[in-house]
Amino acid sequence: MAFTRATGKHRRPSRMKRTTNRTVGVAALATTGVVGTLAAPALAAESPAEQTLTQAITIGDTVADQIDAQAAAQQQAADETAAREKAEAAAKERAKEAAEKAKKEREVKARAARAAERERLLKSYTAPISGSYVSTGYKAGGAVWSSGSHTGIDFHAASGTAVHAVGAGTVVEAGWGGSYGNEVVIKMNDGTFTQYGHMSSLGVSVGQTVTPGQQIGLSGATGNVTGAHLHFEARTSAEYGSDIDPLAYLRQHGVNV
């Protein structure tokens, strides 16, 4: 009885072919860099294919782990850098907001201080002639005055001495005032009126607002006078005859005369 060799698709590959296939597989792994130099000695020594493949897989897993670890480290470093930059940006923003808030608070305080100072100045009073004194008192009698008595007080002042508004107000008269000569009448912010007479020149006009201590002209000897001085009156209206005690008026407003 004769035996024939198995043929067809169920024929077992020859030993040479199996060895060749294993060699090609390992060569492919070496070409892609997975096996590398460690696989070469195994092939040279004709190690079993299974051992070579296990080495290749182990080396591949080690490289992959190293790559994953490196990627994870890089990602962690990137995350830490991003978190630090975010924290620094937030800190800068908070510092900027705090600085802006402090600046606004300083501006508010400064505005309030300026407003308070303006209010204080507007309410303050001063003498009409600096460093002077009263030479003729209120209600002094004599034929010199047409009314029979002095309707104001006289401040000693040489001709050309600066005359100041005693407080804040609005000029309602500025010009010739008959026996008062060149005069200025100011409606004060508190509703009273002050009058300045016998001036040599005027420095304000009707409708102009003035502040305490502002120069409104120069003293002189215009009108009905016997010498240079400043005639000062305090009134309840702009009209002659509404006079009140000017010395008491100034002292009530804190002026030391």
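Me: Hi! Before I dig in, what is the mean pLDDT of the chain?
Reply: Hello! This is a predicted model, and the chain's mean pLDDT is 83, with 77% of its residues at 70 or more.

Me: Thanks. Where does pLDDT stay under 50?
Reply: Two stretches come up here. Residues 1-11 stay under 50, and the model has 2 contacts beyond four places in sequence for them. Residues 14-44 also stay under 50, with 23 such contacts.

Me: OK, on to V172. Which strand is V172 in?
Reply: V172 sits in strand β4, which covers residues 169-176.

Me: And is V172 buried or exposed, or partly exposed?
Reply: V172 counts as partly exposed, because its relative accessibility is 33%, and buried would need under 20%.

Me: What is V172 in contact with, leaving aside neighbours within four places in sequence?
Reply: V172 is in contact with V185, I186, K187, F193, V206 and A238.

Me: How many bridges join β4 to β5?
Reply: There are 7 bridges between β4 and β5 (residues 182-188), and the two strands run antiparallel. Within that pairing, V171 stands opposite I186.

Me: Nice. What about the hairpin of those two, which residue takes a positive phi?
Reply: That's G178, with a phi near 65°; the hairpin has 5 residues between the strands.

Me: Last one: what separates the C-alpha atoms of V172 and T209?
Reply: They are separated by 9.5 Å, with the two residues 37 apart along the chain.

Notes
Residues are numbered from 1 along each chain as its sequence is written. This is a predicted model: local features need pLDDT of at least 70, side-chain atom pairs count only at pLDDT 80 or more; totals for chains, interfaces and linings use all residues. Side-chain values use heavy atoms; hydrogens and water are left out. Helices (H or I, at least four residues) and strands (E, at least two) are DSSP runs, numbered from the N terminus. Buried means under 20% relative accessible area, exposed over 50%, partly exposed in between (1.4 Å probe, protein chains only). Contact means heavy atoms within 4.5 Å. pLDDT is the predictor's confidence in each residue, from 0 to 100. Two strands pair if DSSP finds at least two bridges between them.
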